[in-house]
Amino acid sequence: LSSSDSISEKLLQSVSSVLLMARQPSSYPYNGKEGQPAYVAVDGVVYDVTNVEAWKDGEHKNGLTAGNELTEEITNQSPHGIKVLEGMPIVGELVE
């Protein structure tokens, strides 16, 4: 593979993993555990919260866990709402 093929292959694997989140949350690999990145989805957008202290090891202090679709929790139950996700890296979107 050329370097561009390798990048394309990695991107496809990443996108496939993000799509898997919508179908099988319990087996989603990006939960912040064992060195994996921590991703959360809100309103169909997947955010990378890996480097956010409040999401250390994929666990939020309010009991939320990375690797899940959290629209309800972030928009309706969180004291800071979706505003806290502004500026977070976007890594994909959920497709149903």
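**Entry 1. Salt bridge**

I looked up salt bridges in this predicted model and found one. Glutamate 59 forms it with lysine 33, and the closest N and O atoms are 2.8 Å apart. I then asked where the two partners lie. Glutamate 59 is in the loop between β2 and β3, and lysine 33 is in the loop between α1 (3-23) and β1 (39-42), so the pair ties together parts that are 26 residues apart in sequence.

**Entry 2. Histidine 60**

I moved on to histidine 60, which lies in the loop between β2 and β3. Is this residue buried or exposed? Histidine 60 has 10% relative accessibility, and because the limit for buried is under 20%, histidine 60 counts as buried.

A polar atom of the histidine 60 side chain lies 2.9 Å from the backbone nitrogen of asparagine 62. I next listed the contacts of histidine 60, leaving aside its neighbours within four places in sequence, and found Ala54, Trp55 and His80.

**Entry 3. Overall layout**

I counted the secondary structure elements and recorded two helices and four strands. Along the sequence, they follow the pattern α-β-β-β-α-β.

In which order do the four strands stand in the sheet? I noted the order β3-β1-β2-β4, in an open sheet with mixed pairing. The edge strands are β3 (68-69) and β4 (90-93), each of which pairs on one side only.

**Entry 4. Strand pairs**

I went through the pairs in turn. β1 and β2 run antiparallel and are joined by four bridges. Within this pair, valine 40 stands opposite tyrosine 47 of β2, and alanine 41 has valine 46 of β2 as its bridge partner. Two residues separate the strands in the hairpin of β1 and β2, where aspartate 43 takes a positive phi near 50°.

β2 (residues 45-48) also runs antiparallel to β4, with three bridges between them. Here valine 46 has glycine 92 of β4 as its bridge partner.

In which sense do β1 and β3 pair? I recorded the parallel sense, over two bridges. Alanine 41 stands opposite glutamate 69 of β3.

**Entry 5. The two ways from β1**

I examined the side chains of β1. Tyr39 and Ala41 point one way, Val40 and Val42 point the other way, and all are buried.

**Entry 6. Nonpolar cores**

I looked up the nonpolar cores and found that the largest has eleven residues. Val40 and Val42 are among them, as are Ala38, Tyr47 and Val49. The core also includes Trp55, Leu64, Ala66, Leu70, Ile74 and Leu85. Trp55, which belongs to this core, is also one of the contacts of histidine 60.

A second, separate core has five residues, including Tyr30, Ala41, Val46 and Leu94. I noted again that Ala41 and Val46 are bridge partners.

Which residues does alanine 38 touch? Leaving aside neighbours within four places in sequence, I found contacts with Tyr30, Asn31, Gly32, Tyr47, Asp48, Val49, Thr50, Gly58 and Ala66. For context, nonpolar side chains in soluble globular proteins tend to be buried together.

**Entry 7. Totals**

Buried residues make up 30% of its 96 residues. The accessible surface comes to about 6,200 Å², and 50% of it belongs to carbon and sulfur atoms. Among contacts between residues at least 6 apart in sequence, 58% join residues at least 24 apart.

Definitions and conventions. Residues numbered from 1 in each chain as written. Predicted model: local features only at pLDDT ≥ 70, side-chain atom pairs only at ≥ 80, totals over all residues. Heavy atoms only, no water. Pairing = 2+ DSSP bridges. Buried < 20%, exposed > 50% of the residue type's maximum accessible area, 1.4 Å probe, protein only. Contact = heavy atoms within 4.5 Å. Areas by Shrake-Rupley, 256 points an atom, 1.4 Å probe, with all protein chains shown as cover. Salt bridge = Lys/Arg side-chain N within 4 Å of Asp/Glu carboxyl O. Polar contact = N/O pair within 3.5 Å; in protein donor to acceptor, adjacent residues only side chain to side chain. Core = buried A, V, L, I, M, F, W, Y, C linked by side-chain atoms within 4.5 Å.
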